[in-house]
Amino acid sequence: MINHTMRLTRTQVLTEAKAPDLESVRKLNCWGCKLSDVSILAEMPNIEVLTLSVNSISSLAPLAGCLSVCELYLRRNMIASLSELWYLRPMRRLRILWLADNPCCGENSSQYRLTVLRCLPRLQKLDNKVVTEDEILSAQMEGEEISAPAIGAEQQLSTNGHANAKKDSLGHNTGKTRTYELKMKPQSREKFPTLHSQSTRSSMKKVIFFRRTHLMQCFCF
């Protein structure tokens with residue numbers, strides 16, 4: 001069993017899976033390892049059976065690229081919203097999912113199950129219970145539609161191991177804000193030479209016309 005840690009590392013994965021490299025990993029058991037950061041999963045595209053139950057995982061973003069997964073065990077983690085299932089939708093081979101005992105399951109077990117099955121209609125077993133054809137049909141009518149998590153982009157950035165940009169006291173990403181503000185600065189008048197030159201020429205013509213008219217009036221007298 002992998003030693004207790006908060007972040008799943010390459011060494012731990014290769015030791016547990018007994019694989020020469022991450023791409024060779026097909027099965028991985030990380031049950032009860034107190035993990036909260038599993039970003040390294042993004043480097044395991046060929047994994048098929050993944051056990052992450054009894055940990056502290058809150059985002060499923062790192063699993064988005066694990067397209068070969070057919071069995072996924074996530075019982076008793078910290079997944080707060082069913083919108084995280086959005087990252088599992090590309091897993092067309094996923095047939096077994098265990099998600100029970102997560103905050104996202106809520107108190108209405110029936111509605112929870114229908115919502116999960118609407119998002120993942122290919123499942124054959126959910127929370128150790130066989131999925132029936134009638135459930136799949138009901139899920140399309142009664143299950144809630146799941147959309148991408150509102151902060152999915154930021155979660156995916158952090159879980160892919162990239163450095164997070166600094167945030168201000170309100171939690172805004174200051175790096176992105178500064179870039180956005182720079183893009184939205186009003187364009188200088190020099191950026192519009194045609195309009196500027198046309199306006200200038202028009203004004204000059206009016207001045208010249210006025211002066212010529214004034215001179216003609218002087219000569220007439």
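1. Ground rules. This is a predicted model, in which local features need pLDDT of at least 70 and side-chain atom pairs count only at pLDDT 80 or more, while totals for chains, interfaces and linings use all residues. Residues are numbered from 1 along each chain as its sequence is written, and side-chain values use heavy atoms, with hydrogens and water left out.

2. Overall layout. You'll find six helices and six strands in the protein chain. Starting at the N terminus, the order of elements is α-β-β-β-β-α-β-β-α-α-α-α. Both kinds of element are DSSP runs numbered from the N terminus: helices are H or I with at least four residues, strands are E with at least two.

3. Burial and surface. Out of 221 residues in the protein chain, 36% count as buried. Here buried means under 20% relative accessible area, exposed means over 50%, and partly exposed is in between (1.4 Å probe, protein chains only).

4. Contacts along the chain. Take the contacts in the protein chain with a separation of 6 or more: 45% of them involve residues 24 or more positions apart. A contact means heavy atoms within 4.5 Å.

5. Helix α1. Just after α1, have a look at Lys18, which takes a positive phi of about 55°.

6. The sheet. Six strands make an open sheet in the order β1-β2-β3-β4-β5-β6, with mixed pairing. Its edge strands are β1 (27-29) and β6 (129-130), each pairing on one side only. Strands count as paired if DSSP finds at least two bridges between them. For β1 and β2 (residues 49-51), the pairing is parallel and runs over three bridges. If you want a spot to check, Lys27 stands opposite Val49 in β2.

7. Salt bridges, and the Asp37 pair. The whole structure gives four salt bridges, each a side-chain nitrogen of Lys or Arg within 4 Å of a carboxyl oxygen of Asp or Glu. One of them joins Asp37 to Arg7, with the closest N and O atoms 3.7 Å apart. This pair links distant parts of the chain, 30 residues apart: Asp37 is in the loop between β1 and β2, and Arg7 is in the segment before α1 (10-17). Asp37 counts as partly exposed at 24% relative accessibility, and Arg7 is also partly exposed at 48%.

8. Arg113 and Glu135. These side chains meet in a salt bridge at 2.6 Å, N to O. Arg113 sits in helix α2 (residues 109-119) and Glu135 in helix α3 (residues 133-142), so the pair ties together parts 22 residues apart in sequence. Arg113 and Glu135 are both buried.

9. Glu145 and Arg118. Another salt bridge is formed by Glu145 with Arg118, the closest N and O atoms being 3.7 Å apart. Because Glu145 lies in the loop between α3 and α4 (152-159) and Arg118 in helix α2, the pair ties together parts that are 27 residues apart in sequence. Glu145 is exposed at 65% relative accessibility, whereas Arg118 is partly exposed at 28%.
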